[in-house]
Amino acid sequence: MPRAFVLFAHPVPESLNAAAHQVVVDTLKGKGWEVDDCDLYAEEFNPVLSRKEREDYHDTAINTAPVQAYVDRLRAADAFILCHPIWNFGYPAILKGFFDRVMLPGVAFDLQDGKIAACMNNIRKIAAVTTYGATPMRAFLAGDPPKRIFKRAVWGTIRPEKMRYIAQYDMNNITPEGCKAFLARVQKEMEAF
Amino acid sequence: MRVLVVYCHPREGSFNAAVRDTVLERLKAAGAEVRLHDLYREGFQPVLTTEEWTGYEDCPKNQEPVADQVADVAWCDTLIFIYPTWWYGLPAMLKGWLDRVLLPDVAFIMPKVEDENIKPGLHHITRMGVFTTCGASRWLTFFIGAPGKRTLMRGVGLLLAPRTRKVFAAHYLMDSAKEPALKAHLAKVATKVDKLTGYRSSLEPQAQTQ
């Protein structure tokens, strides 16, 4: 059974993002995926890269030790799905810290003289399911940093066969119908994933 | 001039610490008042909590958990960030500072009526400096789109006064950087801070139009 690693980063279960996350998990299970549902808030993930971790960052023999369980979960996955809000044109800190601490040299990429080689070959599909307070125009004006991290940096370290970026913008003005439409879109995308 | 310096690096003695010291030295030369927040040293907690999210728009109560930080944001007219770029972006610690401190009624005004946009709330800030270091090359950073730079220069930049004076300096390929290049970068940082503060502007005719 193919395995999906779902990384979820929202503090409030009643949020639209949490609802979208639930749709992702349920739909994938319904389509025969084994889902490893990683709720960073529920697991109280510590996103702060420590001084020791910084010093050992490039030493691939020991750099995974503080986060070995998360590394193992990433390495066991065939698909990697991010569910998260966009805050201040970036990832929530708890999710950014997952990149800082877990997506390490030797895990997510090999780094030599600033050149990066992909090394998460187990993952074949990636998706981001995300909610913006900003309107599409405002996100565009800011250069949409989180979209770039996903579509270029994450894509580049995985080189997946399939990538989907499923975004709901302008959350401050969303209607109940808009919420429903977004969840329906997430479901449709995950059924076809 | 009142400058808030937000500094984020886990290791004292890092090159970022040298950048910080250069920035502080140039600010002192310009006679600026400075407040420094060293996020790692303060043990800043970067995770926006469930309570903070549910009370996000409950102003001014939403400021209580980070009142000291908010006071300094309100106090300053110049904002400077110093940090290493990790995964093309801000360290989680610094990203969490944005998440938790740049709140509604502090940094922006939430829409009051339907279809209204978010409005900027930091119009008292007229200068911004961003100083960072990147493991990746300049080429790769630009190819990815320099997300960390954009989050600050544009994302936060959109909240500041119109025509805010902005400076940016990054050192690339940090992991193989040699002493002369690092020294040259510190000199560049010093020049950029002077440009930001207008210090020595009498020697620089192009700066007098500001």
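**Exercise 1.** How many residues does the contact take from chain A and from chain B?

*Solution.* The model is predicted: local features need pLDDT of at least 70, side-chain atom pairs count only at pLDDT 80 or more, and totals for chains, interfaces and linings use all residues. Residues are numbered from 1 along each chain as its sequence is written, with chains lettered from A and ligands numbered from 1 in the order in which they are written.

Step 1. Chain A gives 40 residues and chain B gives 44 residues; two residues are in contact if their C-beta atoms, placed from the backbone, lie within 7 Å.

Step 2. On the side of chain A that touches chain B, α4(A) gives the most, with six residues. Helices are DSSP runs (H or I) of at least four residues, numbered from the N terminus.

Step 3. That side of chain A has 20 nonpolar, 11 polar and nine charged residues. Ala, Val, Leu, Ile, Met, Phe, Trp, Tyr, Cys and Pro count as nonpolar, Asp, Glu, Lys and Arg as charged, and the others, Gly among them, as polar.

**Exercise 2.** State how α6(A) and α7(B) are directed relative to each other.

*Solution.* Step 1. Helix α6 (residues 145–158) of chain A packs with helix α7 (residues 147–156) of chain B at about 170 degrees, the axes being 8 Å apart. Axes are lines fitted to C-alpha atoms, for helices over the stretch in contact, and angles run from 0 to 180 degrees between N-to-C directions.

Step 2. Angles over 145 degrees count as roughly antiparallel. The two helices are therefore roughly antiparallel to each other.

Step 3. A:P145, A:R148 and A:I149 of α6(A) meet B:P147, B:R150, B:T151 and B:G155 of α7(B).

Note on methods: Parallel < 35°, antiparallel > 145°, perpendicular 65-115°, else oblique.
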